[in-house]
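Hello,

Please have a look at it, and then read my notes below.

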Amino acid sequence: MEELCFYCNYQIEEGKQYLVTFFRDGSEKDELLCTDCYLEWLEGIKE
């Protein structure tokens with residue numbers, strides 16, 4: 001079963017998904033990202 005990327009909503013190929021934890025309103029939620037969105041997310045958290 002293919003999953004959808006949390007950010008871009010495209011289908012993610014099996015084995016090419018990344019689980020990322022987002023913190024919002026004092027709680028955390030795990031979401032799946034595709035490779036492109038994951039790499040963009042990593043760039044965004046670099047300082």
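How many aromatic pairs does the structure hold? The structure holds 3 aromatic pairs, where rings of Phe, Tyr and Trp (its six-membered ring) pair if their centres lie within 6.5 Å. Before the details, a word on the model: it is predicted, so local features need pLDDT of at least 70 and side-chain atom pairs count only at pLDDT 80 or more, while totals for chains, interfaces and linings use all residues. Residues are numbered from 1 along each chain as its sequence is written, and side-chain values use heavy atoms, with hydrogens and water left out.

**Aromatic rings**

A pair of aromatic rings is described by the distance of the centres and the angle of the planes. For Phe 6 and Phe 22, the centres are 5.3 Å apart and the planes stand at 40 degrees, so this pair is tilted (planes under 30 degrees apart count as stacked, over 60 as edge-to-face and the rest as tilted). The pair links distant parts of the chain, 16 residues apart: Phe 6 lies in the loop between strand E1 (3–4) and strand E2 (11–12), and Phe 22 in strand E3 (residues 18–24). Strands (E, at least two residues) are DSSP runs, numbered from the N terminus.

Phe 6 is partly exposed at 38% relative accessible area, and Phe 22 is partly exposed at 24%. Here buried means under 20% relative accessible area, exposed over 50%, and partly exposed in between (1.4 Å probe, protein chains only). Elsewhere, one aromatic cluster is formed by Tyr 18, Tyr 38 and Trp 41.

Where does Glu 31 sit? Its place is in strand E4 (residues 27–33). With 14% relative accessibility, Glu 31 counts as buried. Leaving aside residues up to four places away in sequence, Glu 31 touches Phe 6, Tyr 18, Leu 19, Val 20 and Phe 22; contact means heavy atoms within 4.5 Å.

**Salt bridges**

There are 2 salt bridges in the structure, each a side-chain nitrogen of Lys or Arg within 4 Å of a carboxyl oxygen of Asp or Glu. In one of them, the side chains of Lys 29 and Glu 31 meet at 3.4 Å, N to O. Lys 29 is exposed at 52% relative accessibility, whereas Glu 31 is buried at 14%. Another salt bridge joins the side chains of Glu 13 and Lys 16 (3.8 Å, N to O), and Lys 16 is partly exposed at 43%.

Notes. Helices (H or I, at least four residues) and strands (E, at least two) are DSSP runs, numbered from the N terminus.
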